[in-house]
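Let's walk through a protein model together, one question at a time. Have a look at it first.

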Amino acid sequence: SSPEEHKRFMFGLLRTLRNFAHFVSHEPKDNIVRVVTTTSFRLHVYMTATGLRFAILSSLETPRLDQTLSYLYQLYVEYVAKNPLYTVGNIIKCDQYHKQVKRHLTGEVYNFNSTKYAVSKPMQM
């Protein structure tokens, strides 16, 4: 199966889960699917107020990734949404965004309180 098929399947799954949560809830606005656990994996979901969804598949040993997904959204806003050349729905072609996402997901997160990584001025893009 192709990456495009995976994308469509994931979108359909997330939409179905959201619809199910709304259907069985008395308070649909407050009932958001955040984690789905099966016997072999976890699906972590973060949905923004505008309906943008971030999802990560992980092993069962992985703790909840709410903060990670929120941080990935912050990266998206900083590097993608604020980019006037980006059109919603297109492939994200921003090396800095991909680099920062990879750095965060692989654990290459810097401790900015350390003098080794001290930042003397704001990062410019």
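The questions below go from the whole chain to single residues.

This is a predicted model, in which local features need pLDDT of at least 70 and side-chain atom pairs count only at pLDDT 80 or more, while totals for chains, interfaces and linings use all residues. Residues are numbered from 1 along each chain as its sequence is written, and side-chain values use heavy atoms, with hydrogens and water left out.

Q: Which pattern does the protein chain follow along the sequence?
A: Helices (H or I, at least four residues) and strands (E, at least two) are DSSP runs, numbered from the N terminus. The protein chain has three helices and three strands. Read along the sequence, their pattern is α-β-β-β-α-α.

Q: Are H2 and H3 roughly parallel or roughly antiparallel?
A: Axes are lines fitted to C-alpha atoms, for helices over the stretch in contact, and angles run from 0 to 180 degrees between N-to-C directions. H2 and H3 pack at about 165 degrees, with their axes 9 Å apart. Under 35 degrees counts as roughly parallel, over 145 as roughly antiparallel, 65 to 115 as roughly perpendicular and the rest as oblique, so H2 and H3 are roughly antiparallel.

Q: Which residues does Leu 75 touch, not counting residues up to four places away in sequence?
A: Contact means heavy atoms within 4.5 Å. Leu 75 is one of the H2 residues that make the contact with H3. With residues up to four places away left out, Leu 75 touches Val 80, Tyr 97, Gln 100 and Val 101.

Q: Is Thr 48 buried or exposed?
A: Thr 48 sits in the loop between strand S2 (42-47) and S3. Neighbours within four places aside, Thr 48 is in contact with Phe 54 and Tyr 73. Because its relative accessibility is 7%, Thr 48 counts as buried.

Technical notes. Buried < 20%, exposed > 50% of the residue type's maximum accessible area, 1.4 Å probe, protein only.
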